[in-house]
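Q: Please examine one part of this model closely and then set it in its surroundings. The structure is shown below.

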Amino acid sequence: MEDRASDSLDKIRQQFDTAPYPRVPLDYYPNDLKWLYVHNIVTAYYLRYKRVIETEGKVILDAGCGSGYKTLELAVANPGAKIVGIDISEESIKLARQRLQYHGFEAEFYTLSIENLPELGIKFDYINNDEVLYLLPDPVAGLQAMKSVLKADGVIRTNLHSSLQRVHYYRAQQVFKMMGLMDENPRELEIDLVRDTMKALKDNVSLKVYTWEPESENDEEGLLMNYLFQEDKGYTVPEMFSALRSADLEFVSMVNPTSWDLMELFKEPDNLPVFLGTSLPTLSVEERLHLFELLHPVNRLLDFWCGHLNSASPVVPVDEWTMADWQEALVHIHPGLRTPEIKKEMVTCVSDIILMEIGKYLPFLKDPIFLMDTTVTACVLPLQEGPQPIGALVERWKQVRPVNPATLQPIEENEAFEMVKQILTTLEQIGYVLLERRLGKG
């Protein structure tokens, strides 16, 4: 068993030594706010604990950093954090180190397998393990190794390939294994043979229908990572949860939760047949996610956050807060959205009385077109300077909107409070603002 695991890791190492991944140009700087939002550790911590942390001084691991582009994203998204990257490929580590230095970031890099993480002697606040776990001989061992170096309140982001979504690529890999193209590390010859084979097939052949696009022919990285990917394995949602249980880790959330919304698969979710209407609400999170993948396997990755068991104090959802909770609430704009560019846009929208399109910045929206009313934008504008107590936003609301537009009567204190509370609840649901419940320190 140990020999087989060693052979497996050697194959992976060889493939990434000769073809480091991802092939992002060295000078490319990450500026996609949606991805930076995901990589900001505040996002994961808030989902788990409903509290806002500072990134300054946090220790972040990119476990399986490859050529370092995700490591760079983590550095950009988390100002002041210490960044560490590991990978089994020496060539990848060289590129990662070069990339971070090129962009002026300090980071530590080690040529190391995930199973040997304890050798570092470092505890991490956050671990990013992207596109790696499904390559390991035993994903549970990988999860346990990461858990062993995770701080008590830390969070892990990792993922597995979906066996249901990638079923056709696994068929393709079997074909090219039969042809002997994966006996050794695939290179230019093997890539050319895959290309020639797929082009030679009739267009109505099932494998070609489900895996081949016109641009596939020139996508060398895609050919390697799909048709010739050494040790690539797929998993289902129940297998994902089984691995978490075996590793004594707790599921927090899918990284892309809206793309796993079961109710979005139905034409009329509020008017379901009786059987569905009564049974769906009783399903566990695992069951709902599994049903989604059975009905609609469109997500390539089972991409999720997890953490230590029972490490969190009970979290009270915003929709269950008492009035006392609300009166003591501290309001933040997500730190990834506290930028000079967004602040300038907010000021312009308020000054010119135009709606603000905030959906373009948020990764977890069902509908990317989400417009914010001018009055609302004016009310939350101070959050660009820092967190505000809800009372300060209520006073600002009364200044921005001093009268009820329907009755032209002055806005009462309780009326303004309820309106701001409603606005903040909506903005919190889409991830634009973060709400801290200070009363009772929940």
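Q: How many of the residues of β1 are buried?

A: The model is predicted, so local features are reported at pLDDT of at least 70 and side-chain atom pairs only at pLDDT 80 or more, while totals for chains, interfaces and linings use all residues. Residues are numbered from 1 along each chain as its sequence is written, and side-chain values use heavy atoms, with hydrogens and water left out.

Of the 5 residues of β1, 5 are buried, so the strand is largely enclosed by the rest of the structure. Here, buried means under 20% relative accessible area, exposed means over 50%, and partly exposed lies in between (1.4 Å probe, protein chains only). Strands (E, at least two residues) and helices (H or I, at least four) are DSSP runs numbered from the N terminus. In a regular strand the side chains alternate between the two faces of the sheet. Val59, Leu61 and Ala63 point one way from β1, whereas Ile60 and Asp62 point the other way, and all are buried.

The partner of β1 (residues 59-63) is β2, with parallel pairing over 5 bridges; two strands pair if DSSP finds at least two bridges between them. Along this pairing, Asp62 has Gly85 as its bridge partner in β2, and Ala63 stands opposite Ile86. Strand β2 (residues 82-87) is itself mostly covered, with 5 of its 6 residues buried.

Another sheet is open and has 3 strands in the order β12-β9-β13, paired antiparallel. Its edges are β12 (388-389) and β13 (433-436); each has a single partner strand, so one side of each is left without a neighbour in the sheet. Strand β9 (residues 330-333) is joined to β13 by 4 bridges, and His332 has Leu434 as its bridge partner in β13. Helix α18 (residues 413-429) lies across β9 and β13, at about 115 degrees to β13; axes are lines fitted to C-alpha atoms, for helices over the stretch in contact (heavy atoms within 4.5 Å), and angles run from 0 to 180 degrees between N-to-C directions.

The charged pairs come next. Side chains of opposite charge can pair when their charged atoms come close. The whole structure holds 24 salt bridges, each defined as a side-chain nitrogen of Lys or Arg within 4 Å of a carboxyl oxygen of Asp or Glu. One of them joins Asp130 and Arg157 (3.5 Å, N to O). This pair links distant parts of the chain, with Asp130 in the loop between β4 (124-129) and α6 (139-148) and Arg157 in strand β5 (residues 150-162), 27 residues apart. Asp130 is buried at a relative accessible area of 7%, and Arg157 is buried at 2%.

Glu131 forms a salt bridge with Arg300, whose closest N and O atoms are 2.5 Å apart. Glu131 is in the loop between β4 and α6 and Arg300 in the loop between α13 (285-295) and β8 (301-308), 169 residues apart. Glu131 is buried, with a relative accessible area of 11%, whereas Arg300 is partly exposed at 33%.

A further salt bridge joins the side chains of Arg437 and Asp325 (3.0 Å, N to O). Arg437 lies in the segment after β13 and Asp325 in helix α14 (residues 323-327), so the pair ties together parts that are 112 residues apart in sequence. Both Arg437 and Asp325 are buried. Salt bridges that share partners also join Lys70, Asp130, Arg157 and Asp303 into one network.
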